[in-house]
Amino acid sequence: MKSEHEKVIDEYAEKLPEFMLREVKESIPATISKSDLSKVMEVIVASYIAARVNPGECVGLVGAQSIGEPGTQMTLNTFHFAGVSEMNVTTGLPRIIEIFDARKDIKTPMMEIFLKAPHNTNIEQLKKFAAKIKETTFGELASEYSLNIFDQVLTVKLNKMLLDDYGLSAKELAKTIKAKVKGFGVESSGEEITLTKSTKAEELKDLYNIKEKIKDFKITGTKGIKQVLPVKRGEEYIILTSGTNLKDILSQPEVDASRTNSNDIVEVYEVLGIEAGRQAIINEVYKVIDAQGLNIDIRHIMMVADIMCANGEVKGVTRYGVVKEKASVLARASFETPIKHLINAALEGEVDHLTSVVENVMVNQPVPLGTGLPGLVTKIK
Amino acid sequence: MVEAASAKIVTPELYDREGYPVDGGLMDLRLGVIDPGLVCKTDGLKLKESLGHFGYIELARPVIHIKFVRQILDLLRSTCKACGRILIPEEKVKRYAAMLNKSSEDEGLEARRRKVKEIVAKYKVKDKCPHCNAKQDKIKIEKPYNFYEGEVRLSPIEVRARLEKISEEEVLLFGFSPEHFRPEWMVLTVLQIPPVTMRPSITLESGERSEDDLTHKLGDIVRINQRLFENINAGAPEVIIEDLWDLLQYHVTTFFDNEVAQLPPARHRGGQPLKTLTERIKSKEGRIRHNLAGKRTDFSARTVISPDPMIGLNEVGVPLSIAMQLTVPEKVTEWSKEYLRKLVENGPKKYPGANYIIKPNGRRKTITDETKDEILEELSEEYIVERHLIDGDVALFNRQPSLHRMSMMCHQVKVLPGNTFRLNPAVCNPYNADFDGDEMNLHIPQNEEARAEARILMLVETQIISPRYGLSVVGCIHDAITGNYLLTKELVFNRNEACDLLYSCGVEDLSSLPHKEKIDGKEVFSILLPKDFNFLGEDKSGNQVKIVNGMLKTGVMDKSNLGQESGLMLRNIYERYGSSFTADLLGKISKLGIAVLTRRGFTIGAGDLDLLEETKEEINNAIKKAEDEALKLIDEFYAGKLQALPGRTVAETLELRILEALNRARNKSGDIAVRQVRESSALTMAKCGSRGNPLNIAQMTAIVGQQALRGKRIETGFKGRTLSYFKRNDLSPKARGFIRNNFKTGLTPSEFFFGAMTGRDALMDTALRTPKSGYLYRRLSNAMQDLKVVYDGSVRDASGRIVQFAYGEDGLDVSKTKNGVVDVKEITQQVLGEK
């Protein structure tokens, strides 16, 4: 790219969006003459202007239609093997609904963890790291329980192989359990842990209860990471997890924080902020739509993501989220729970300025969109 | 309320003995009129002119308004029983007020009220008013509307007295508006009576009157109220008064809401619950969604649709009988006088005629044989004639569900014989219509503004490019694709045939047809293209399609260029030559395709699916091999030799590997079948994309394949087996839903059953999906309907809040782009190429 070409192109910086300038710079042949280039630029600017949206265009509704219409074509199958055959992912319509609801507890939370340079190619190191972050409970390590009701003693045999894998010893386990259990003496010997009831109580059930309780004790790993799976992605290895904990994972030194991602949009928003939350919505929706082989322009998805994030926090497209934000009582009442909205309006003395669509439909007026937007201003003599 | 009322209601009786509304009754003439011939006493207007007026009842004792119970409870709990001040110490009030103002801005007023409660709860511990040191008791509520302080019941009178004490500033603190609202108003002393026009009575055939539910309810209220008055005046014992009071409370409550959780709903004599105020407003059938947000329209028609490839893309065929009932108003002017006169002369029974005239004074007159002469006499300028639909009129055409804006487009009327709407098969796709009995609606715009808007913004040709993805939504379908495919692929004509073909699809200028004896299909097709059109693309199988100067040089025309949702060729033509040219061209191409097929002949039969003996053999071998492989895997599994895949159990691994092997076999035999099936119509259709795909053919000729439920082989059914026909724990392919036969030879009973299982699963899936996606769409459209692009290019909502600074970050309209982009490279090439 010659610098004089660049100059010519940069003159149009005001008129074209940045990415188009970049595209022109990349695609223009090097041999082009200056006059030809400006001719080309004129045509490009003209076609850009011709393709711009008209003022008054009801882009929101078009976006809603563009996403709603192919909704009927999406599969309902909750569990589908998508991409990685080893792990279940929620796809299709249920996933879309989940995202647009901005649900806090999604069905299949997942993370893609990228690691920094030395770790991402060495499979051994990667596996070690994976084992480190996986949430392991005591129950997983135990192989056998024996309850001695007469003496009120619970003996737990541990799985030696697993212990070695995690680099743990029975002693350490006993320590963690001791810290959390009251009323029991905890001792370890070899691969066994013995819990003895210190107080003499009549409840026989206590012993059983404690057995169930210690099963859930977290021994190692990061909270919420239920399953880890190293996968080869291109040249490097990454870790897929089921269960998410973005905050803790990102703080691990081995993790490449710039690429690691979670599919829980609310979590992404809480950890990384609203801009990241918006991008997460767009990415997640696009992933589903792409997997279904549907063709929906990214702008429509952006529109939804933007309205969900417009207030600085992720709000679902529900009566508690986006719709509640509306200024108009009638618009809210026409969606869901009309009585509630009408009563509150009465208490607060709300005024409806009839600036949006439904209100105007209700009072039989043209809606202020499209050709209904412009008005005439005349001087009255 | 009393001031706004025009009548005080004192008697539960409705009519006197002559059937005339009683003064002071619920049907009082001062509240409006619902009977013909009577005059409203308040405004002197007649039926349908008077809007009706409110009345009122003075309640003998106050009652609580059911819809405000929660607010009353909150207020009672948060304020002092003695001085009525809020239970927050003086010095802290200001600080909290600022905090609350902020929260109400952020989260709305409901959050604010919740916060007030929380704060008060914090100070509640003291049990003492910080202002007057009076002791506070706990206020409890016994649903739905009884308040208790400690153990003592608070009567509505006491509740009201408490609420009266709350000062205006503190009302504001709670997030209520003191200008519009006083807390004590939540306890009713006067009940507003809605106008009779809101609760009309129906006169049955027998002459009996049947009153509206609301009137019934109001009657109850008035009756009890009167009794309560009488008892109080007569000094009846407190118990009786209390009972009546409770009854009054019940009736007033059910008047507002008949679905209160703890109350038995008030019923008709027949036992069916009354529909009172809340039920009238609520839900899909309620006032808001049914009557206010949804409207009904005149000048519309609905009937079955059927295809007609011979009418234009922009046209709709309207049956004569409908055309003679739907009308368009046309003003009589100097220029239209003669022509409208003729229509009036024809009258309503002869097409094209007219049904009504509207006089300058707004009166409407029906044209009949008797009135015709008179009307012709007086017809002059300023009159409006409502004439029949004629060719070229503007109509809106719609098919439900209206999921996107292309579900309602503008067509030009073409009046045709028959009883169905006719439409060009190419526009089936945007409407998602087929002709298995679908019905569609037609609306006729009635004024110039509506017609202009419909024609300019909604005409079919302006909607060719979908705003969803920036490609064409209309395109050739079925026979039209097949025809063009065969034409451009293999057919050769002599000159006469070629001329005949082209002429039949509307081409009149045949001068550019090459002067040769034999003309091949590509040349015939090229005649339709504009002479300066260049295009480079791919056909369905990935071969190059090249059009140079309006001549199809290489490649065939199939779905990927002619069809909907793909066709870059159509997209390019649209961009260069405009919408009407594209619509016209599309019509010609469709007609050409169909004309080719009608002359060549095209048929499909069972014979198309015959396979050669050796092909059958080959397929059988492939399947056999896969089955053996599966059996081997099963053996390995039982022998414990099978290696588990990472993250899977051995059993899961087995399932996956069997599934994989069988699917591989299906695909392979499908390939073999498609490769070796003789050149048949079925294959042609699959190849050019007009109908069916290679998989369908493979299923008919070779093998149906593994049936899968939830991504797995079939497992459910009996204990340890799918059907009682198989042995327990049989993991072999045939026992788990593998269909090794094809549709032509037929399925075994167990195979048929497996097929039915997946078939039903698919059916259920669709049935469950439709309402879910419908609700998603409703929510989305409700949330986003007021977003628009304003003049500065930013996207804002109805209150002016900016949602995007530039639409889609670059301000491009998807329906004006090619699949979402402005192709810089192509423009560059074009500009440089022209030089």
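Me: Which residues in α14(A) meet which residues in α15(A)?

Reply: Two residues are in contact if their C-beta atoms, placed from the backbone, lie within 7 Å. In this predicted model, Ile274(A), Gly277(A), Arg278(A), Ile281(A), Ile282(A), Val285(A) and Tyr286(A) of α14(A) face Ile298(A), Ile301(A), Met302(A), Ala305(A), Asp306(A), Met308(A) and Cys309(A) of α15(A). The residues of this contact comprise eleven nonpolar, one polar and two charged. Nonpolar here covers Ala, Val, Leu, Ile, Met, Phe, Trp, Tyr, Cys and Pro, charged covers Asp, Glu, Lys and Arg, and the others, Gly among them, count as polar.

Me: At what angle do α14 and α15 of chain A pack?

Reply: Helices (H or I, at least four residues) and strands (E, at least two) are DSSP runs, numbered from the N terminus. Axes are lines fitted to C-alpha atoms, for helices over the stretch in contact, and angles run from 0 to 180 degrees between N-to-C directions. Helix α14 (residues 274–291) and helix α15 (residues 298–309) of chain A pack at about 140 degrees, and their axes are 9 Å apart. The pair is therefore oblique: angles under 35 degrees count as roughly parallel, over 145 as roughly antiparallel, 65 to 115 as roughly perpendicular and the rest as oblique.

Me: How does α5(A) pack against α25(B)?

Reply: Helix α5 (residues 92–101) of chain A and helix α25 (residues 749–784) of chain B have axes 11 Å apart, at an angle of about 25 degrees. They are therefore roughly parallel to each other. Leu93(A), Ile96(A), Ile97(A) and Phe100(A) of α5(A) make the contact with Arg769(B), Lys772(B), Ser773(B) and Leu776(B) of α25(B). By class, these are five nonpolar, one polar and two charged residues.

Me: How many residues of chain B are in contact with chain A?

Reply: On the side of chain B, 77 residues are in contact with 82 residues of chain A. Helix α25(B) gives the largest share of the chain B side, 14 residues. That side divides into 32 nonpolar, 23 polar and 22 charged residues.

Me: Where is the pLDDT of chain A below 50?

Reply: pLDDT is the predictor's confidence in each residue, from 0 to 100. Where it is low, the predicted coordinates should not be read in detail. Chain A has a mean pLDDT of 79, with 92% of its residues at 70 or more. Over residues 80–86 of chain A the pLDDT is below 50, and this stretch has 14 contacts in the model beyond near neighbours in sequence.

Me: Which backbone features deserve a second look?

Reply: Most residues other than glycine have a negative phi, and most peptide bonds are trans. The bond from Tyr351(B) to Pro352(B) is cis, with omega near -10 degrees, and Pro352(B) lies in the loop between α11 (337–346) and β12 (354–358) of chain B. The bond from Gln400(B) to Pro401(B) is also cis, with omega near -5 degrees. Asn364(A), not a glycine, has a positive phi of about 60 degrees; this residue is in the segment after α18 (357–362) of chain A.

Notes:
Residues are numbered from 1 along each chain as its sequence is written. Chains are lettered from A and ligands numbered from 1 in the order in which they are written. This is a predicted model: local features need pLDDT of at least 70, side-chain atom pairs count only at pLDDT 80 or more; totals for chains, interfaces and linings use all residues.
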